[in-house]
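Hi,

Here is the structure we talked about handing over. Please load it first, then read on for what turned up.

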Amino acid sequence: MTTRRAFLADLTWAAATGGAAVQLGLVSMLAGCERRIEPFARLSPAEARTMRAFAAQILPSEPGLPGAEDAGAVFFVDRAFGDPFFADTVPIVRAGLAELDARARGAGARDGFASLGDAEQQKIMRLVENEPYFAAARTLVLIGTFGDPSHGGNRGGVGMRIMRMDHRPSYTAPYGWYDAHI
Amino acid sequence: MRISERTYGERDEVDFVIVGSGAAGGVLAKELSTAGFDVVVMEQGPWEQPAQFTHDELVVERELAMLNRAFEPHQTFRRSASEPTAPVGRGILYRRGVGGSSVHFAANYWRFRPSDFKERSLLGPISGTGFADWPITYEELEPYYAKVDWEVGVSGAPGVGDPPRSRPYPMPPLPNKSSGVLLEHAATKLGLHAQVAPMAIASRVYDGRSACGACGHCAYYGCEFGAKSSSLVTMIPKAVATGRCEVRTDATVFRVETNARGRATGVAYWDKDGRERRRSARAVILAANGAETARLLLLSTSPQFPHGLANSSGNVGRYIMFNGFAFTNGRFEHPLNEYKGPVATRVVMDFYESDPRRGFYGGGGIDARFPYGPIAFAVNGLPEDIPTWGVDYARSLRDYYTHTMRLMSHLTSLPVATNTVTVDPDHRDRWGRPGFCLTYTDYPDDMQAKRWFQQRTQDMMEAAGATRVWNPPVQPVDGGVHLLGTARMGNDPRTSVVDRYHRAHDVPNLFICDGSSFVTSGRGQPTMTIQALAFRAAEHITRFARLHEV
């Protein structure tokens with residue numbers, strides 16, 4: 001079940017779960033590089049920009065609450081585009097990203113959806129939120145935010161922080177407030 | 001740890017070939033090999049070890065990598081036989097691999113009650129159904145429930161209304177979760193009774209296995225601690241350790257072979273390289289689950305058995321039951337953190353019995369749980385009136401995930417002859433074998449039971465003090481993991497497939513023991529009864545074999 005896990009992603013997971021110091025150093029270095037130069041294998045630059053903006057609208061960041069961009073959801077989407085499991089989803093999402101850009105250009109944005117301001121992006125999101133591609137792309141963003149970091153997203157355990165999970169491989173009781181206090 | 005196993009050559013005649021290594025097959029393999037018989041278990045999946053299991057929600061819950069759908073996506077569904085078949089979402093689900101679905105089950109181990117075996121006599125007939133008494137009683141099965149408790153490993157404590165038990169639980173209950181505390185609170189307020197949920201999970205080191213690590217990944221996941229009492233870590237290792245049991249993995253049985261005298265001679269299967277091979281045996285035992293067992297029988301046609309093996313009644317594949325479910329979700333002021341711990345720790349059984357005053361047949365138990373990993377919760381776990389994207393959505397995920405629980409009703413399903421699992425020649429698997437076609441319409445009482453129970457869980461959620469209560473819609477069945485009733489047990493060969501000892505009425509050395517043997521559905525947690533039946537069947541099969549009556 002682990003065959004699809006890439007070396008870099010495993011190291012990122014080690015960082016998320018408190019791996020060895022030497023790994024952390026390497027991961028920091030690689031992660032730093034990633035932010036600047038990590039190429040997308042399957043998303044075109046335009047698709048990546050649009051998907052990033054879309055993801056940031058699905059789960060925006062605000063102080064104290066990280067979002068899909070912080071989780072690197074788009075990096076999961078890039079991998080999903082090459083995953084046979086998502087083969088049926090990819091053309092739907094790809095066409096959806098193109099439509100978001102087309103609608104943005106219709107609204108006067110020459111560089112597509114990502115170049116619009118928040119209010120304009122949200123206006124388009126409301127217009128298309130019942131389209132099948134919207135649900136498909138949203139699901140990819142959510143897997144990229146909350147899924148296992150080995151798949152390229154949920155970087156630094158951001159998804160667990162959004163959900164306020166104390167993420168560990170095992171736990172001991174008490175688990176919650178009610179079994180601790182009643 | 002995988003123990004080195006005995007292997008049997010092609011020409012070695014063995015006493016039993018068992019198809020399936022899951023809840024029933026594991027018990028049968030262990031019991032029969034311990035009794036001194038040579039046994040080969042045929043398992044179509046691999047032999048994974050606990051250390052190989054993962055918490056990866058994408059792989060396990062969305063790709064369903066451990067389940068049949070990852071290997072055989074071609075299933076079809078229809079509401080009635082007059083409709084065209086259509087591809088189905090999840091459909092019939094079970095695990096392929098040593099231990100079968102006992103590897104990924106939630107480990108709820110409720111016993112049936114005495115009434116479950118004689119409801120037809122207690123309540124009378126139900127028009128348009130095959131509602132019938134079992135040919136055995138709770139009293140006959142009780143010693144084998146006790147064997148499951150002790151040999152498989154169940155933790156728990158007695159509760160109000162429990163059926164009689166001859167031995168106490170071998171292990172104390174698992175620690176209570178917040179959802180269990182809240183269910184107790186609601187029950188007390190409403191004059192109901194919450195009791196410990198019996199779980200096939202080690203609450204302490206047991207029989208060489210680790211105690212539960214409360215990782216929160218039971219349902220759909222394998223247990224990396226070996227604490228969940230699956231056949232993988234309980235029965236199969238003991239069977240292999242006898243030196244009389246081979247577990248042949250990646251072996252897909254496609255036909256039960258018979259001779260001119262109408263006796264089973266063994267099975268034909270594809271090995272992992274796709275080669276067609278045979279395994280002869282003095283007797284054949286099918287324990288492949290309620291869907292696979294039915295398909296295997298239906299595909300094992302011959303001039304002598306033109307409608308499938310053991311199918312003179314025409315009831316192979318009929319009367320499939322999945323158990324009904326209904327639920328209410330609730331959010332609470334403080335964190336529950338239901339992503340930790342086992343699936344459920346408390347259950348309310350006050351509505352177990354069917355009560356004619358309700359106006360419909362049906363009963364069940366209600367437990368408190370939270371069936372969401374973070375991906376699933378983010379996709380569709382919030383109430384419908386909360387936005388599905390944006391700042392309010394993100395804040396709601398933050399505020400709901402750790403504060404939410406579900407009260408879930410586990411219910412009866414009536415046996416209906418037109419609810420069937422059949423084979424669909426238009427949709428074939430990778431071997432070219434016809435896939436499953438499920439035809440299913442909920443009997444009206446089953447839908448009424450779901451709606452009635454949802455009202456009960458709503459009342460209980462409010463009594464528990466939830467700050468927000470919401471009811472996901474009650475849904476009709478279109479598949480499931482409980483695969484029951486498709487080779488039903490009975491005394492009359494005209495209306496049943498196996499007798500009270502699980503021997504096929506039509507084939508004297510063919511035994512069938514898994515969920516397919518069920519006559520009625522019970523209340524949503526069938527595995528404890530499947531394993532009790534398997535212990536009982538093994539004892540009788542041993543007796544028959546020693547008397548040369550197999």
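In which sense do E10(B) and E13(B) pair, and over how many bridges? Antiparallel, over 8 bridges. Keep in mind throughout that this is a predicted model.

**The sheet in chain B**

Start with strand E10 of chain B, residues 324–331. In its pairing with E13(B), B:Phe325 has B:His410 as its bridge partner. E10(B) also pairs with strand E16, residues 468–470 of chain B. That pairing is antiparallel too, over 3 bridges. B:Gly330 is bridged to B:Val469. B:Asn329 is bridged to B:Trp470.

Is E10(B) mostly covered or mostly open? Mostly covered: 8 of its 8 residues are buried. The burial holds on both faces. One side carries B:Gly324, B:Ala326, B:Thr328 and B:Gly330. The other carries B:Phe325, B:Phe327, B:Asn329 and B:Arg331. A residue counts as buried here if 20 or more other C-beta atoms lie within 10 Å of its own.

**Helix H5 of chain B**

H5(B) covers residues 178–190. Its 13 residues, at 1.5 Å a residue, should span 18 Å. The end C-alpha atoms are 18 Å apart, so the two values agree. After the helix comes B:Gly191, with a positive phi near 75°.

**Two helices in chain A**

Helix H3 (residues 45–58) and helix H6 (residues 89–106) of chain A come within 10 Å, axis to axis. They cross at roughly 80°. H3(A) and H6(A) are therefore roughly perpendicular. H3(A) puts in A:Ala46, A:Glu47, A:Thr50, A:Met51 and A:Phe54. H6(A) answers with A:Arg94, A:Leu97, A:Leu100 and A:Asp101. By class, this contact has 5 nonpolar, 1 polar and 3 charged residues.

**Backbone points to check**

- The peptide bond from A:Ala173 to A:Pro174 is cis, with omega near 0°. A:Pro174 sits in the loop between H9 and H10 of chain A.
- A:Arg164 is not a glycine, yet its phi is positive, at about 60°. This residue lies in the loop between H9 and H10 of chain A. A:Arg164 is partly exposed, with 16 other C-beta atoms within 10 Å.
- B:Ala214 is not a glycine either, and has a positive phi of about 55°. Its place is the loop between E5 and helix H6 (235–241) of chain B. B:Ala214 counts as buried, with 22 C-beta neighbours inside 10 Å.

**The A–B contact**

How many residues does the contact take from chain A and from chain B? Chain A gives 35 residues and chain B gives 37. On the chain A side, the elements giving two or more residues are H3, H8 (132–146), H9 and H10. H8(A) has the largest share, 5 residues. By class, the chain A side has 20 nonpolar, 10 polar and 5 charged residues.

That is the handover. Send back any questions.

Best wishes

Notes:
Residues are numbered from 1 along each chain as its sequence is written. Chains are lettered from A and ligands numbered from 1 in the order in which they are written. This is a predicted model: local features need pLDDT of at least 70, side-chain atom pairs count only at pLDDT 80 or more; totals for chains, interfaces and linings use all residues. Helices (H or I, at least four residues) and strands (E, at least two) are DSSP runs, numbered from the N terminus. The expected span of a helix is 1.5 Å times one less than its number of residues. Axes are lines fitted to C-alpha atoms, for helices over the stretch in contact, and angles run from 0 to 180 degrees between N-to-C directions. Angles under 35 degrees count as roughly parallel, over 145 as roughly antiparallel, 65 to 115 as roughly perpendicular and the rest as oblique. Two residues are in contact if their C-beta atoms, placed from the backbone, lie within 7 Å. Ala, Val, Leu, Ile, Met, Phe, Trp, Tyr, Cys and Pro count as nonpolar, Asp, Glu, Lys and Arg as charged, and the others, Gly among them, as polar. A residue is buried if 20 or more other C-beta atoms lie within 10 Å of its own, exposed if 12 or fewer, and partly exposed in between; C-beta atoms are placed from the backbone. Two strands pair if DSSP finds at least two bridges between them.
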